[in-house]
Amino acid sequence: QGNYTVTYVPGKLTITAAQVTIKVEGVQEEKVYNGLDQKAEGYTVVDEGNLFSGYSRDNIKYKGSNDVQPEAIGKDVTTTPILMNLKAEDFSYADDNYTVSFEVVEDGSLTITPAVVTVTADNKEKVYGGEEPELTATVTGLKNNDPESVIAYNLSRATGEEVGEYVITPSGEATQGNYTVTYVPGKLTITAA
């Protein structure tokens, strides 16, 4: 070319993997107390980052075993965190066009909420002028053979000794341990002597 002869030496264009940051959060589960251990596990991908058209979050692979998920186990009424102890190296893309990094948006949680029990005052009867019957109640809704003693309550009846009906009132704390408590009144019937 003009005053020169030209020698051509090839070079190269190197295409490196694109970086994609996926954002995950733990599951948020709420379960009602049942007297047994309950488990919540797993996470969800909430943002797959800057994947190009034609690429899918379905191709982001979790390299760990599906049996090894972030999890929490709880029995009693409380909230237990699901710690997202995953690592960036736990993830990869299905081909070499991406390297995957990883960001925890939010840890998950397992919340055990109280079960409902009912304390129902038993109906009683006595004859006018007779001995006062012992006031009793029935507790229903207890889970997994929990004893009735886990629920504390008091019983009282409306005053009066004439023939008629008198309300028996159960009372106590609305929340007790793993239970919320509903109270249902009964009645004492005084019959004629």
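Figure 1. S109 counts as buried because its relative accessibility is 13%, where buried means under 20% relative accessible area, exposed over 50% and partly exposed in between (1.4 Å probe, protein chains only). Not counting residues up to four places away in sequence, S109 touches V27, Q28, E29, T79, T80, P81 and I82, a contact being heavy atoms within 4.5 Å. A word on how to read these views: residues are numbered from 1 along each chain as its sequence is written, and side-chain values use heavy atoms, with hydrogens and water left out. Since the model is predicted, local features need pLDDT of at least 70 and side-chain atom pairs count only at pLDDT 80 or more, while totals for chains, interfaces and linings use all residues.

**Figure 2. The whole chain, for orientation.** The chain has 18 strands and zero helices. Of its 193 residues, 28% are buried. Among contacts between residues at least 6 apart in sequence, 68% join residues at least 24 apart. The accessible surface of the chain comes to about 12,100 Å², and 48% of that belongs to carbon and sulfur atoms; these areas come from the Shrake-Rupley method with a 1.4 Å probe, and for residues only the protein chains shown count as cover.

**Figure 3. V100 and A17.** Look for V100 in strand β9, residues 98-106. V100 counts as buried because its relative accessibility is 12%. From C-alpha to C-alpha, V100 and A17 are 9.5 Å apart in space, and 83 residues separate the pair in sequence.

Figure 4. Side chains of opposite charge can pair when their charged atoms come close. Here, a salt bridge is a side-chain nitrogen of Lys or Arg within 4 Å of a carboxyl oxygen of Asp or Glu, and a search of the whole structure finds eight of them. One of these joins the side chains of K31 and E29, at 3.6 Å from N to O. K31 is partly exposed at 23% relative accessibility, and E29 is partly exposed at 28%. K39 forms a salt bridge with E41, with 4.0 Å between the closest N and O atoms. The side chain of K39 also meets that of E71 in a salt bridge, at 3.7 Å from N to O. Because E71 lies in strand β6 (residues 71-74) and K39 in strand β3 (residues 38-41), the pair ties together parts that are 32 residues apart in sequence. K39 is partly exposed, with a relative accessible area of 39%; E41 is partly exposed at 34%, and E71 is partly exposed at 37%.

**Figure 5. An open sheet of four strands.** The strands follow the order β12-β18-β15-β14, with mixed pairing; two strands pair if DSSP finds at least two bridges between them. The edge strands, each pairing on one side only, are β12 (124-127) and β14 (154-157). Neighbouring strands of this sheet are turned by 20° against each other on average, direction ignored. For such angles, axes are lines fitted to C-alpha atoms (for helices, over the stretch in contact), and values run from 0 to 180 degrees between N-to-C directions. Strands β14 and β15 (residues 164-171) run antiparallel and are joined by four bridges. To find your place along them, note that L155 stands opposite P170 in β15. A network of salt bridges links K126, E132, R157 and E161.

**Figure 6. Nonpolar cores.** In soluble globular proteins, nonpolar side chains tend to be buried together. A nonpolar core is a set of buried Ala, Val, Leu, Ile, Met, Phe, Trp, Tyr and Cys residues joined through side-chain atoms within 4.5 Å. In the largest one, which has 15 residues, V117, V119, I151 and Y179 touch the most other members. Strands β10 (108-113), β11 (115-121), β13 (137-140) and β17 (179-184) each supply at least two residues of this core, and β11 gives the most, with three. Leaving aside neighbours within four places in sequence, I151 is in contact with V117, V119, V139, L142, Q176, Y179 and V181. A second, separate core of 13 residues includes A18, V20, V24 and F91.
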